[in-house]
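Try each task before reading its solution.

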Amino acid sequence: MLDKQLVYDVLTAALATGGDLAEIFMENTVKDNITLTNGLVEKANWGVDYGLGLRIITGTNAVYAYTNNTSRPSLMRLATDAAQAVKASIKGEINIKGVITLDRSERLKYADTIVIPPEKVAKTDIVERLRAASAASMAYDPLVTQTSNGYASVTQDVFIANSNGLWAEDRRVRTRVLVQAVAGDGNEKQTGYEAPGAKVGYELMDAINIEALGTKAARVAVTMLKADYAPSGKMPVIVDNAFGGVIFHEACAHSLEATGVAKGASVFTGKLGEKIAADCVTAIDDGTLTGEWGSLNIDDEGGKIRRTTLIENGVLKSYLVDYLNGLKMGMPSTGSGRRESYRFAPTSRMTNTYILNGNSTTEEIIANTEHGLYAAQMGGGSVQPASGEFNFAVLEGYMIRDGKIAEPVRGATLIGKGHEVLMDIDMVGNNFAAAQGMCGSISGAVPTNVGQPMVRVKEMIVGGRK
């Protein structure tokens with residue numbers, strides 16, 4: 001932690017040639033990872049990421065610099081060099097602003113209650129639990145030929161201060177487990193996986209049934225290995241809950257981030273108050289949820305985390321806005337400024353982003369679908385945020401015939417445009433669930449939750465081989 005005088009001196013030096021706001025983001029992050037292949041330890045890594053980023057905002061532009069040397073000479077040199085870059089960008093009269101300092105009683109300090117700190121856990125316990133998942137996968141079916149199981153914990157201590165008087169500290173502890181099974185028959189291979197995580201300590205391991213996860217991953221892999229290939233064409237598609245929300249996250253919610261909206265690189269630019277989805281769709285971003293993977297106490301600009309309604313009954317209510325892009329848009333921050341580490345300047349990002357429950361049951365949705373595809377689990381994909389065009393793989397899929405789930409199919413992909421899919425959702429279930437992921441953007445990879453209940457899209461393009 002930096003002392004008050006050094007913080008004041010760095011911020012003052014950063015504003016010495018002009019600028020409206022100077023900001024320090026400092027972190028000390030401890031990472032612990034263990035990976036097993038077929039029940040044997042393959043990798044065990046432990047490390048510390050430490051450093052400081054300095055941002056100077058002038059108008060709607062910014063200069064960003066960072067270092068992992070936080071000695072006084074190093075930080076003063078960093079501030080001076082950054083200030084010179086600001087000077088070169090200013091045309092006209094330079095206005096030198098002062099730095100507001102706070103008494104210690106006004107400083108904000110946050111930390112979650114962690115039941116089992118990751119640093120207190122024996123590595124042998126982690127390995128044995130991961131082996132239990134591997135054994136469960138292998139025991140499911142002889143077609144399971146390989147398992148990969150991993151554990152990761154991250155403890156991130158951050159300090160944020162700026163020239164407007166902000167002084168905040170936060171401790172963030174996250175734990176995640178990966179359970180993966182591969183089923184093979186000759187040259188054919190299929191994969192099933194589960195990857196639960198939360199903003200908690202090692203108590204996560206007591207909250208999950210790791211053997212059941214191993215069995216489920218194996219079941220998906222074996223089922224898809226035995227399945228025929230999916231048909232192609234336009235048809236109704238039912239996307240189930242949890243990671244099914246990745247389509248909304250990637251193809252729609254990214255286009256609601258001010259990163260793209262502020263420069264007009266989003267299909268939703270200028271559409272606040274307009275209808276952009278079906279009446280049955282309400283979506284939120286909520287970083288305040290206790291213990292959830294994407295939650296925070298403060299964002300990476302020191303801003304207040306909040307629950308933001310993005311879409312309400314089909315109407316666009318808000319964007320996700322960080323401080324700098326808010327200046328460009330004339331809008332206040334929604335507490336959405338995030339970054340992977342001190343090496344990245346913050347920008348607008350999601351936290352826990354969901355489509356909320358609707359009024360239909362899963363049985364009603366399936367029974368009301370004469371023919372189509374049921375995407376029980378989604379996999380990875382690609383998306384163009386500016387246009388919303390996407391292509392996502394279906395990890396576990398089934399045909400629907402005569403209102404019933406029928407035979408499994410593999411190799412299905414869902415193709416479309418996010419804003420069109422939002423309008424074509426005609427049924428929303430009541431079985432909401434969330435899933436965890438790492439979201440990449442220009443400020444690096446950050447932990448985010450995706451989620452939704454089961455939804456039906458009345459027509460989508462399904463890519464397949466039949």
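**Exercise 1.** Work out how much area is buried between domain 1 and domain 2, and what the interface is made of.

*Solution.* Start with the area: about 1,300 Å² is buried between domain 1 and domain 2, and carbon and sulfur atoms give 57% of that. Buried area is the accessible area (1.4 Å probe) that two parts lose on being put together, summed over both. Domain bounds come from an automatic or database domain assignment; here domain 1 is 4–28 + 47–105 and domain 2 is 111–226.

Next, look for polar contacts (N or O atoms within 3.5 Å, one able to donate a hydrogen and the other to accept it; residues adjacent in sequence count only if both atoms are side-chain atoms). Six residue pairs qualify across this interface, both residues at pLDDT 80 or more. Finally, helix 1 (4–14) and strand 1 (21–37) each supply at least two residues of the side of domain 1 that touches domain 2, and strand 1 gives the most, with eight.

A note on the source: this is a predicted model, where local features need pLDDT of at least 70, side-chain atom pairs count only at pLDDT 80 or more, and totals for chains, interfaces and linings use all residues. Residues are numbered from 1 along each chain as its sequence is written, and side-chain values use heavy atoms, leaving out hydrogens and water.

**Exercise 2.** Is Thr308 buried or exposed?

*Solution.* Then check its relative accessibility: at 7%, Thr308 counts as buried, the cut-off being under 20% with a 1.4 Å probe, protein chains only.

Note on methods:
Buried means under 20% relative accessible area, exposed over 50%, partly exposed in between (1.4 Å probe, protein chains only). Helices (H or I, at least four residues) and strands (E, at least two) are DSSP runs, numbered from the N terminus.
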